[in-house]
Amino acid sequence: MGENERLLKQEAPAFSKAARVKYFNIVIESGKGATITDADGKTYLDLLASASATNTGHSHPHVVKAVQDQAAKLLQYTPAYFANDAAAKLAPRLAALAPISGPTALGWGNSGSDANDAIIKFARAYTGRPYIVSFTGAYHGSTYGSISVSSVSLNMSRKIGPLLPDIVKVPFPDPWKRLEGESEEAFVDRMFDAFKLPFETYLPAEEVAAILIEPIQGDGGIVKTPDAYMHKIYDFAKANGILFAVDEVNQGMGRTGKWWSIQHFDLEPDLMSVGKSLASGLPLSAVIGRQEIMNSLGSPANVYTTAGNPVTTAAAMATIDVIEDEHLLERSTRLGKKTAAFFADEKKKFNFIGDVRMYGLDGGIDIIDPETGKPDADATTKIIYRVFELGAIIISLKTNVLRFQPPLVITDEQLQSAFDILDQAFSELAAGKLSLPDNAAEIGW
């Protein structure tokens, strides 16, 4: 019995099946840059970056040193009562990075989930309105507030209701909803009509506190909101006194070639949530917004014992250093173009590759049945398992979307190795050489 198997067997009786989306039976022991090593000593190229939570790579020396230095001084004293040195330095630096004009302020959290909960709280407090509008396909987190505004999996609502009241979900304009032969303009108009329908039939706009959207949906398939659609809902919000809030947990911190995915639209949010890669994967999040909104609540309305912890905020300071000093925004853009070209070439070779979406080093690649054009979940699972066997980690979204989000520090040589592995897996699928793993029915969302 290998060490991976032994540890998983040891863990199984004590670990809830609700707490992990199943993919591969490995136990990760260490990581460096764009690679991870399992308990059996096998090293893999990481094309997932811990769900886009390690944009600066695994165990970056600058981040590690910041954590070690801070841990030797102070591990924790609750920021709920007193400031700490690292958090006090980080707050103005992070607030200044927000794509919001005028004075901004923030509040700390432990995960993207509670940052999105905070958006709900601050939006309701500032506007005095109850309703929150979110979108199908969204993943905002697993706390009760954030899960209430999510809709990417039935298991995020099954058996756990009632969820938070006064949440209205409208259809996200993803490419799978576009009709054959439909122009971009017609598609946007049709989806905006669907957005307006609740407001025209049962949802008074003057009672809506915020519209919450992922500018580029993450777990919904790595899909960018059409520009014209985003501007339409933004204008609608502004015309009706509704706050415009964006979730940057998955797509922020340089992932798309800009600090924040909303910067691809030249729009300013009123509120935004940040997490995941903020502290290179350590548990830290933030809700950032216009100062008057962030001061609409008094303590302890958004207070957590460990949020803004000195170690995690020191890691976040170092993370921002790395993104700036190593020019990771530019690197994401350059390597993203290289990756887009690779998948475009593969699409010409293999008829089971459908739409390819790349936004910086951030991609969603659809795997389809060539005869019907419909999603092919079995083919997707065969691909990700063969990639795993060949030495790289990639997972699926929406059953048939390859999620391509390597650390932004991945080298050109490592990226080429990833391309070689993917090409081999695609070639073997085309040749009918791949089969489903025994646990295929348990795989994915």
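What share of the 445 residues of the protein count as buried? The figure is 54%, where buried means under 20% relative accessible area, exposed over 50%, and partly exposed in between (1.4 Å probe, protein chains only). This is a predicted model: local features need pLDDT of at least 70, side-chain atom pairs count only at pLDDT 80 or more, and totals for chains, interfaces and linings use all residues. Residues are numbered from 1 along each chain as its sequence is written, and side-chain values use heavy atoms, leaving out hydrogens and water.

**Overall fold**
- The protein has 13 helices and 17 strands; these are DSSP runs (helices H or I, at least four residues; strands E, at least two), numbered from the N terminus.
- Its radius of gyration is 22 Å, close to the 22 Å that the globule rule gives for 445 residues, so the protein is as compact as a globular protein of that length. The radius is taken over C-alpha atoms, and the rule is 2.2 Å times the number of residues to the power 0.38.
- Along the principal axes, the C-alpha atoms fill a box of roughly 60 × 60 × 45 Å.

**Contacts**
- Of the contacts with a separation of 6 or more, 73% join residues 24 or more positions apart. Contact means heavy atoms within 4.5 Å.

**A look at glutamate 389**
- Glutamate 389 sits in helix H12, which covers residues 377-390.
- Glutamate 389 is partly exposed, at 49% relative accessible area.
- Alanine 425 is 36 residues from glutamate 389 in sequence, and their C-alpha atoms are 9.6 Å apart in space.
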